[in-house]
Amino acid sequence: MRPVEDKHRHQGLRHKLVDQLKKAGISDENVLQAIAQVPRHFFLDSAFAEIAYENRSFPIGEGQTISHPYTVAYQTQLLSIQKYERVLEVGTGSAYQAVVLATLGAQVYTIERQRKLFDSNKQFEWLQKQPGIKFFYGDGYQGLPTFAPFDKILITAAAPQIPFALLEQLRPGGWMVVPVGEGNIQQMKKITKLSDGATREEIFDEFSFVPMLTGKES
Ligand code: SAH
């Protein structure tokens, strides 16, 4: 069962979460505002509603997790979303991150490889009414060539290496934010596609994501 009510109490808890994120170094006001706006408890089973605003990850079924709010804020800040930008997200999961991006005005194309998670998002009425998000069931390694080029690409699962093939779906001047690493710990990277097609790599903090897997799961 999903919670569907956003009460004052939830809003208060979100503001506390935003304060924590600020203290942890998230400084982009637009990102903080989006986190303050999106009812994170809607994305979890009602069993977790009371603790949805703790700064931690939660299970969402199929062995997958909704990322830490800090991780969501961190990746979103690195993306530096401008209104109407076209963003490809690999790893829809709970769709919390997708809604945060759409709240910032992005046009979001999000892919999930687990059929059950994709179906559960399809059945979530509130989510389907959110403007600016298109949901796809497929293998994120393939991206969405028919909808390319994208201004930004976000990978929300641990990529063993930089998924270079996806860079072809990025417009020159755009960038990809991706956690890269094969073990339990990944390095957050920002890969910018330059106007001559070359790439520039910047390295940020360490995180721990579930792995980016190949193929689809039915
Ligand atoms: N953005 C999510 C975080 C989900 S965790 C959220 O806000 O909740 C990562 C998700 O990536 C999982 O749901 C997993 O099934 C998915 N995933 C892993 N490899 C993938 C791939 N190759 N293509 C699409 N989704 C993938």
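Select Lys 193 to begin; this residue sits in strand β8, residues 186–193. Helices (H or I, at least four residues) and strands (E, at least two) are DSSP runs, numbered from the N terminus. The model is predicted, so local features need pLDDT of at least 70 and side-chain atom pairs count only at pLDDT 80 or more, while totals for chains, interfaces and linings use all residues. Residues are numbered from 1 along each chain as its sequence is written, and side-chain values use heavy atoms, with hydrogens and water left out.

**Stop 1: Lys 193**

Is Lys 193 buried or exposed? Lys 193 is buried, because its relative accessible area is 14%. Buried means under 20% relative accessible area, exposed over 50%, and partly exposed in between, with a 1.4 Å probe and protein chains only. Now show what surrounds Lys 193. Neighbours within four places in sequence aside, its contacts include Leu 167, Glu 168, Leu 170, Pro 172, Ala 198 and Thr 199. Contact means heavy atoms within 4.5 Å. Arg 171 is also in contact with Lys 193. The two are 22 residues apart along the chain, and their C-alpha atoms are separated by 7.2 Å.

**Stop 2: the whole chain**

Zoom out. The protein chain has seven helices and nine strands. Its C-alpha trace spans about 50 × 40 × 35 Å along the principal axes.

Color by burial next: 51% of the 218 residues count as buried. Of the contacts with a separation of 6 or more, 54% join residues 24 or more positions apart. Then show the surface. The chain exposes about 10400 Å², and carbon and sulfur atoms supply 50% of that area. Accessible areas come from the Shrake-Rupley method with a 1.4 Å probe; for residues, only the protein chains shown count as cover.

**Stop 3**

In soluble globular proteins, nonpolar side chains tend to be buried together. Select Leu 21, Ile 26, Ile 35, Phe 43, Tyr 96 and Leu 101. These have the most contacts inside the largest nonpolar core, which has 49 residues. Elements that each supply at least two residues of this core include α1 (8–23), α2 (29–37), β1 (58–61) and α5 (115–122). A nonpolar core is a set of buried Ala, Val, Leu, Ile, Met, Phe, Trp, Tyr and Cys residues joined through side-chain atoms within 4.5 Å.

What does Leu 21 touch? Residues up to four places away in sequence aside, Leu 21 touches Ile 26, Leu 32, Ile 35, Asn 55, Pro 69, Tyr 70 and Ala 73.

A second, separate core has 20 residues, among them Leu 88, Leu 144, Phe 150 and Ala 159.

**Stop 4: helix α3**

Return to Pro 69, Tyr 70 and Ala 73: they are among the buried residues of α3. This helix is mostly covered, with ten of its eleven residues buried. Step past its end to Ser 80, where phi is positive, near 45 degrees.

Go on to Tyr 84, in the loop between α3 (69–79) and β3 (86–90). Phi is positive here too, near 70 degrees, in a residue other than glycine. Tyr 84 counts as exposed, because its relative accessibility is 63%.

**Stop 5: Ala 95**

Ala 95 lies in the loop between β3 and α4 (96–103). Its phi is positive, near 80 degrees. Ala 95 is buried, with a relative accessible area of 0%.

**Stop 6**

Select Gln 37 in helix α2. Gln 37 is exposed, at 51% relative accessible area. Leaving aside neighbours within four places in sequence, Gln 37 contacts Arg 14 and Thr 103.

Phe 48 comes next, in the loop between α2 and β1. Phe 48 is partly exposed, with 23% relative accessible area. Residues up to four places away in sequence aside, Phe 48 touches Phe 58 and Pro 59. Arg 2 is 46 residues from Phe 48 in sequence and 9.7 Å away in space, C-alpha to C-alpha.

**Last stop: a cis bond**

Which form does the peptide bond from Ala 148 to Pro 149 take? The bond is cis, with omega near 5 degrees. Pro 149 lies in the loop between β5 (133–137) and β6 (150–155).
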